[in-house]
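Please keep the sequence and the model in view while reading.

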Amino acid sequence: MAPPKGTTGSELTKRQWVYAFSLVTTLFFTWGFAYGLLDVLNAHFQQVFGISKLQSTMLQLAYFGAYFVWAPFAGYFVSRSFRRLGWSIHIGLTLYSVGAIFFWPSAKFEKYGGFVGSTFVIGCGLATLEVAANSYISVLGSPQYAAARLNFSQGFQGVASFAGPLIAARWFFTGANAYSLGTVQWVYLAVAGLGVVLNVLFFFATLPEITEDALAEELQDTGMQDDAPFWKQYHCIFGFVAQTAYVGAQVAVAALAVNYFSAQGVGIDYTKASDLFSFCQITFTVGRFVGVAILNYIDPALLLAIYGFCCSLFCCLTSQLPGYGGVACLFVLFFFESICYPCIFTLGTKNLGRHTKKGSGLIVMGVGGGAWYPSAQGYLADLVSTRRSYLVPMSGYIAMTLYAIGLVVDQARKAGFTIRNRDQLSERRVARQHNVLASDAVITADTPGEKRELGEFLEEA
């Protein structure tokens with residue numbers, strides 16, 4: 001039975017929570033698979049169409065530019081209440097399937113512009129799904145474990161991300177397929193079929209309703225409600241900047257990974273490079289599930305700052321070290337990227353109350369950073385070298401690290417520095433109840449002895 005109107009994620013029964021969490025998590029596989037194929041298509045289209053690295057990044061420009069353009073509309077679809085969650089998912093999956101279907105005529109007539117346009121439609125669909133799914137998973141339970149929940153769900157995105165390059169290595173780069181688009185159309189027809197199947201499943205599913213009003217009331221009960229307008233929710237505004245910088249860096253790193261491996265001068269061809277890229281995605285996925293365990297104990301902002309510093313360091317080393325040294329650093333970089341997106345999302349939308357959906361749309365809009373970072377890196381790769389081009393994404397990791405450090409400093413200023421992950425809602429609820437009890441005691445304390453005992457009790461508290 002669905003929970004009553006105004007329910008929060010922490011009030012769901014265990015059965016309702018598992019059902020909603022499992023069903024929505026299946027969506028993460030869809031965009032992980034599409035994203036995993038996208039990066040391999042870069043190198044494949046360079047061979048088939050004879051285009052430069054810069055020109056091949058038009059796919060990333062279309063895919064992630066769609067997030068920047070479409071995310072505000074996607075936020076509107078699910079604004080004010082999660083009652084529109086089902087419709088948002090249907091819209092997202094429909095756009096996803098339509099975009100994938102149009103890969104068929106694009107391959108049939110060998111039109112690179114057709115692939116770019118189809119990729120834009122797919123990006124619009126995935127932007128809608130991300131606004132709906134990321135925000136829903138974030139509020140589906142205690143805020144203390146929001147980052148861990150989203151990391152776990154997005155771990156399945158990682159599983160799909162390395163499945164994509166593995167398929168591409170076998171079908172796109174072997175034999176006659178290396179200079180053909182025939183297999184591309186069949187793979188994306190299967191992708192369209194996956195979208196249709198999920199659309200049907202969600203049509204017959206009933207998800208528990210979680211409203212912004214209920215979230216705001218929960219914050220009100222704990223004294224954490226912030227009545228400031230949305231544009232003054234600085235942790236969300238700067239979260240958008242950090243997400244833009246991070247996603248741009250992540251996408252740029254992955255977009256030229258196949259080219260990077262093959263250009264390291266150690267005898268790696270495109271087929272082996274695609275396999276190595278799949279192993280990078282496996283490393284990323286393992287890192288995400290490892291992050292789930294760590295985030296249960298370590299403060300998300302602090303962990304993001306540490307991981308951000310490591311991303312900056314190993315991206316710099318990737319751009320400087322030749323041979324297998326650079327290859328190893330790129331693998332380590334993928335590991336430390338793992339938790340960044342979910343942590344920025346949950347930290348940026350934390351305790352927004354009635355602004356939750358608007359904030360979710362803004363943070364997902366930050367995915368648009370992936371539209372221009374690869375182009376900048378592709379330009380430097382054509383001008384200098386693929387290895388040196390990895391200095392471009394390093395700037396994005398530095399910006400993300402500064403955001404995380406700012407959050408750690410702000411938390412320390414307000415509630416003291418902490419390493420462990422704390423349940424702020426429960427702590428504030430207990431403190432508020434304690435204050436109410438103390439106030440009641442002051443009212444009922446009549447004799448001097450009672451007042452003296454009350455004073456001692458308050459001093460101990």
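Where is glutamate 110 found? Glutamate 110 lies in the loop between α5 (103-108) and α6 (112-139). The model is a predicted one, in which local features need pLDDT of at least 70 and side-chain atom pairs count only at pLDDT 80 or more, while totals for chains, interfaces and linings use all residues. Residues are numbered from 1 along each chain as its sequence is written, and side-chain values use heavy atoms, with hydrogens and water left out.

**Confidence of the prediction**

- The average pLDDT of the protein chain is 81, where pLDDT is the predictor's confidence in each residue, from 0 to 100; 79% of the residues score at least 70.
- Over residues 1-5 the pLDDT falls below 50, and this stretch has eight contacts in the model beyond near neighbours in sequence. A contact means heavy atoms within 4.5 Å.
- Among the elements of the protein chain, the highest mean pLDDT (96) belongs to helix α13 (residues 300-320), and the lowest (53) to helix α20 (residues 448-460).

**Overall architecture**

- The secondary structure of the protein chain consists of 20 helices and zero strands. Helices (H or I, at least four residues) and strands (E, at least two) are DSSP runs, numbered from the N terminus.
- Of the 461 residues in the protein chain, 57% count as buried. Buried means under 20% relative accessible area, exposed means over 50%, and partly exposed lies in between (1.4 Å probe, protein chains only).
- Among contacts in the protein chain with a separation of 6 or more, 83% join residues 24 or more positions apart.
- The protein chain exposes about 19000 Å², and carbon and sulfur atoms supply 66% of that area. Accessible areas come from the Shrake-Rupley method with a 1.4 Å probe; for residues, only the protein chains shown count as cover.

- The phi angle of glutamate 110 is near 50°, a positive value in a residue other than glycine.
- Glutamate 110 counts as exposed because its relative accessible area is 54%.

**Serine 312 in helix α13**

- Serine 312 belongs to helix α13, and its relative accessible area of 12% makes it buried.
- Leaving aside neighbours within four places in sequence, serine 312 is in contact with Met394, Tyr397, Ile398 and Thr401.
- Although serine 312 and glycine 396 are 84 residues apart in sequence, their C-alpha atoms are 8.3 Å apart in space.

**Cysteines**

- The count of disulfides is zero, a disulfide being a pair of cysteine sulfur atoms within 2.5 Å.
- Cysteine 316 is in no disulfide, and the nearest cysteine sulfur, that of cysteine 315, is 7.8 Å away. Cysteine 316 is partly exposed, at 28% relative accessibility.
- Cysteine 329 is likewise in no disulfide; the nearest cysteine sulfur, that of cysteine 316, is 9.5 Å away. With a relative accessible area of 8%, cysteine 329 is buried.

- Side chains of opposite charge can pair when their charged atoms come close.
- The count of salt bridges is two. A salt bridge is a side-chain nitrogen of Lys or Arg within 4 Å of a carboxyl oxygen of Asp or Glu.
- Arginine 413 and aspartate 410 form a salt bridge through their side chains (2.8 Å, N to O). Because they are three residues apart in helix α18 (residues 391-415), about one helical turn separates them.
- Lysine 414 and aspartate 410 also meet in a salt bridge (3.3 Å, N to O). Because they are four residues apart in helix α18, about one helical turn separates lysine 414 and aspartate 410.
- Arginine 413 is exposed at 62%, lysine 414 is exposed at 63%, and aspartate 410 is partly exposed at 26% relative accessibility.

**A nonpolar surface patch**

- Leu54, Tyr379, Leu383 and Val384 form a nonpolar patch on the surface, with about 400 Å² of accessible area together. Patches are made of residues with over 30% relative accessible area and no salt bridge; like charges are joined within 9 Å, and nonpolar side chains (Val, Leu, Ile, Met, Phe, Trp, Tyr) within 5 Å.
- Leucine 54 is placed in helix α2 (residues 53-56), and it is partly exposed, with a relative accessible area of 31%.
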